[in-house]
Amino acid sequence: MASLSTVLVPLAALLVASLTVASASNFYNDFDITWGDGRANILSNGELLTLNLDKASGSGFQSRKEYLFGKIDMQLKLVPGNSAGTVTAYYLSSKGSAWDEIDFEFLGNLSGDPYILHTNVFSQGKGNREQQFYLWFDPTADFHTYSILWNPQRIVFSVDGTPIREFKNLESMGVPFPKNQPMRIYSSLWNADDWATRGGLVKTDWALAPFTASYRNFNAEACVLSNGASSCGTTTSPPASTSNAWFSEELDSTRQERLKWVRENYMVYNYCKDVNRFPQGLPPECGMS
C-alpha cells in the first residue's frame, strides 16, 4: 500500500479532519456483528453491545471504519464469577500475512482470582512482545475504559486514563512500527481453555454458560481511511486543531509516574525480562524501556 502522505486528499476530507468522531457512538452505526449466530446483541437503542459464549460458540464484532492512527476508547465489563478458560479480546488489526496489530486480551480466572490483562504489539506480522498485568480493581463489577493511543511516535495502552504500557517508534534502531496499514477494531469472546488460565490447567466450566462481556461508550478520535484517503489529510501533518492533539500526544511527567506505578506494582510478565526466551539476546527495544 502506498504511503498515505503521497495520496491527494479531497478538500472535503481536510475540512472534516477535526470531526473524525461524528457524533455520540452508536453500535448500530459503528460496528458489525461478524460471528456468533445470535450470541452477540446490540441493545438499548445502540448504546450497549453484549458478547456471549457457550459450549457451541463464542461471538465477535468489528468496526465498520478503518483507522490509520487514532485514540480509541471503549468501556468494557468483563465476564463475572468463574471466567476460567475464557478470553475477551479487544484489539486493532490490519489484514494480510504481514499484518499490524495492537492487542488487549483479558484472560479469565477462577472466582476470586484476578483477571490477567495481556497486551501485545505486532508489526509486519511479528509479535512476541507480550506484557501482562493484574488490574487494581474488579473489572467484572462495573464498566472501565480501555484505551489505545496510536500515533506516529508511540502506542500507549491505558486503563481508566492510567497508562500501563508505552511502545515507542524505534524504527531508527531497526524495530518495525505500525504506521502504514489501516486497522479495524475487533472484539471477541471465545474459549481458550487450552492455554488461557494457568497454562491450560484450569478448564472452562460449561455449567456456568453463557458467559457474557458487555461494551459501551465507544469513542474514536482518529484518522479514518476511506477510498485510500485519510480524513486527517496526510499521515505526517494533519490539520492543527485541539481534537487532533492526540496525533503528537506523549506522556507528561504525571502520566509517566502513573505508568511507573503500574509497572512496579501490577506487571506480572514482561518479554523484555525473559532472557530464557531470547537466548540470542533481548529484542533491541528492550534496551530502551
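This is a predicted model: local features need pLDDT of at least 70, side-chain atom pairs count only at pLDDT 80 or more; totals for chains, interfaces and linings use all residues.
Reader: How many residues of S7 are buried?

Author: In strand S7 (residues 101-107), 7 of the 7 residues are buried, so the strand is largely enclosed by the rest of the structure.

Reader: Which residues point which way from S7?

Author: Glu101, Asp103, Glu105 and Leu107 point one way, while Ile102, Phe104 and Phe106 point the other way; all of them are buried.

Reader: What is the strand order of the open sheet?

Author: The open sheet has 8 strands in the order S1-S4-S13-S6-S7-S8-S9-S16, with antiparallel pairing. Strand S1 (31-35) and strand S16 (267-270) stand at its edges, and each has a single partner strand, so one side of each is left without a neighbour in the sheet. On average, neighbouring strands of this sheet are turned by 15° against each other, direction ignored.

Reader: How many bridges join S8 to S9?

Author: Strand S8 (residues 116-122) and strand S9 (residues 131-133) are joined by 3 bridges and run antiparallel. Thr119 has Gln131 as its bridge partner in S9.

Reader: Which strands does helix H3 lie across?

Author: Helix H3 (residues 253-265) lies across S9 and S16, and runs at about 85° to S16.

Reader: What is Tyr146 in contact with, leaving aside its neighbours within four places in sequence?

Author: Its contacts are Ile72, Asp73, Met74, Leu76, Tyr90, Phe104, Phe106, Leu135, Phe137, Pro139, Ser158 and Val159.

Reader: Now the disulfides. How many does a search of the whole structure find?

Author: The search finds 2 disulfides. With bonded cysteines counted along the chain, they follow the pattern 1-2, 3-4.

Reader: How far apart are the sulfur atoms of Cys223 and Cys232?

Author: The sulfur atoms of Cys223 and Cys232 are 2.2 Å apart. The torsion about their S-S bond is about -95°, so this disulfide is left-handed.

Reader: Are Cys223 and Cys232 buried or exposed?

Author: Both Cys223 and Cys232 are buried.

Reader: What about the link of Cys272 and Cys286: what is the angle about its S-S bond?

Author: The angle is -80°, and the link of Cys272 and Cys286 is left-handed. Their sulfur atoms are 2.0 Å apart. Cys272 and Cys286 each lie in the segment after S16, so the pair ties together parts that are 14 residues apart in sequence.

Reader: Why does Cys286 count as buried?

Author: The cut-off for buried is under 20% relative accessible area, and Cys286 counts as buried because its relative accessibility is 11%. Cys272 is buried as well, with a relative accessible area of 8%.

Terms used
Residues are numbered from 1 along each chain as its sequence is written. Side-chain values use heavy atoms; hydrogens and water are left out. Contact means heavy atoms within 4.5 Å. Two strands pair if DSSP finds at least two bridges between them. Helices (H or I, at least four residues) and strands (E, at least two) are DSSP runs, numbered from the N terminus. Axes are lines fitted to C-alpha atoms, for helices over the stretch in contact, and angles run from 0 to 180 degrees between N-to-C directions. A disulfide is a pair of cysteine sulfur atoms within 2.5 Å. Buried means under 20% relative accessible area, exposed over 50%, partly exposed in between (1.4 Å probe, protein chains only).
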